[in-house]
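I opened this entry to look up aromatic ring pairs.

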Amino acid sequence: MRGQERDQGQEPRRGRPRSEAAERAILQAVVRLLEEGEPLAGLSIERIARTAGVGKATIYRRWSDKEELFVDVLRAIEPPEPALSGTSGLADILVGLESLRRRGLAQRSSALLYNVFAQMKSHPKLWDAYHDTVIAPRRAAMTAAVRRAVAAGELRDDIDVELIDELIVGPMLVRTIHRKDAPLDDDLAERILRALLEGLRPRDGDGAGSGAGSGESGGTSVGDTAGDTGS
């Protein structure tokens with residue numbers, strides 16, 4: 001994205017120097033047009049440039065196409081990405097889950113975010129760009145946190161890391177995406193992680209019945225495993 005100039009950490013050698021004010025004006029122009037009811041499909045670079053008070057070349061110096069620009073607009077209006085320690089396991093997983101909850105709340109409370117995401121589903125190129133530059137890195141960060149938790153003995157090492165990640169993230173995605181009326185309480189991330197660590201089978205003395213729920217098969221319960229790791 002906006003690509004090589006930022007990656008190289010230097011200004012372009014040709015043309016006028018980058019202007020943060022112009023960049024903000026462009027992002028704000030897109031938001032303003034969307035808030036006024038302009039659909040994504042109707043936004044042209046010409047219209048955006050005119051609204052921002054800049055030339056088209058100013059936009060193309062920063063974004064190669066509308067998809068790149070729209071992804072950055074979404075980043076600007078979504079809650080900011082959380083800072084992960086990069087060293088802890090379960091703590092970073094909890095931070096990632098909480099970030100998902102906050103984004104769910106933001107989409108519920110922001111008509112703009114809700115409408116943009118609804119429109120994105122009918123624009124495969126835009127959705128692919130958003131997935132590749134935003135969703136995929138978020139998932140990679142969460143998977144890396146799971147690997148750290150496994151390496152630290154906080155999670156089982158006999159289950160595929162991708163599956164563990166999906167088991168952790170899945171409940172939050174159901175609440176935020178598929179169940180729009182479901183509560184997103186402040187402690188939801190903690191409750192999800194605690195339930196997974198403790199397991200779903202009844203504890204001893206809780207009236208466990210026969211069969212799989214009572215562990216008659218002789219297998220080790222998820223709760224026992226979590227307890228063995230000190231979780």
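I started with Tyr-130, which counts as buried at 2% relative accessibility. I am working from a predicted model here.

Next I looked at its ring neighbours. The rings of Trp-127 and Tyr-130 have centres 5.9 Å apart. Their planes sit at 35°, so I logged this pair as tilted. Trp-127 and Tyr-130 are three residues apart in helix H8, about one helical turn. At 31% relative accessibility, Trp-127 counts as partly exposed.

How many aromatic pairs are there in total? I get a count of two. The other entry is Phe-117 with Tyr-130, which I noted as edge-to-face. The edge-to-face call follows because the cut-off is over 60 degrees.

Where do these two partners sit in the chain? Phe-117 is in helix H7, residues 111-120. Tyr-130 is in helix H8, residues 124-151.

Is Phe-117 buried or exposed? I found 10% relative accessibility for Phe-117, so Phe-117 counts as buried. The cut-off for buried is under 20%.

My last note is on grouping. Phe-117, Trp-127 and Tyr-130 form one aromatic cluster.

Key: Residues numbered from 1 in each chain as written. Predicted model: local features only at pLDDT ≥ 70, side-chain atom pairs only at ≥ 80, totals over all residues. Heavy atoms only, no water. Phe/Tyr/Trp six-rings, centres within 6.5 Å; stacked < 30°, edge-to-face > 60°. Helix = DSSP H or I, 4+ residues; strand = E, 2+ residues; numbered from the N terminus. Buried < 20%, exposed > 50% of the residue type's maximum accessible area, 1.4 Å probe, protein only.
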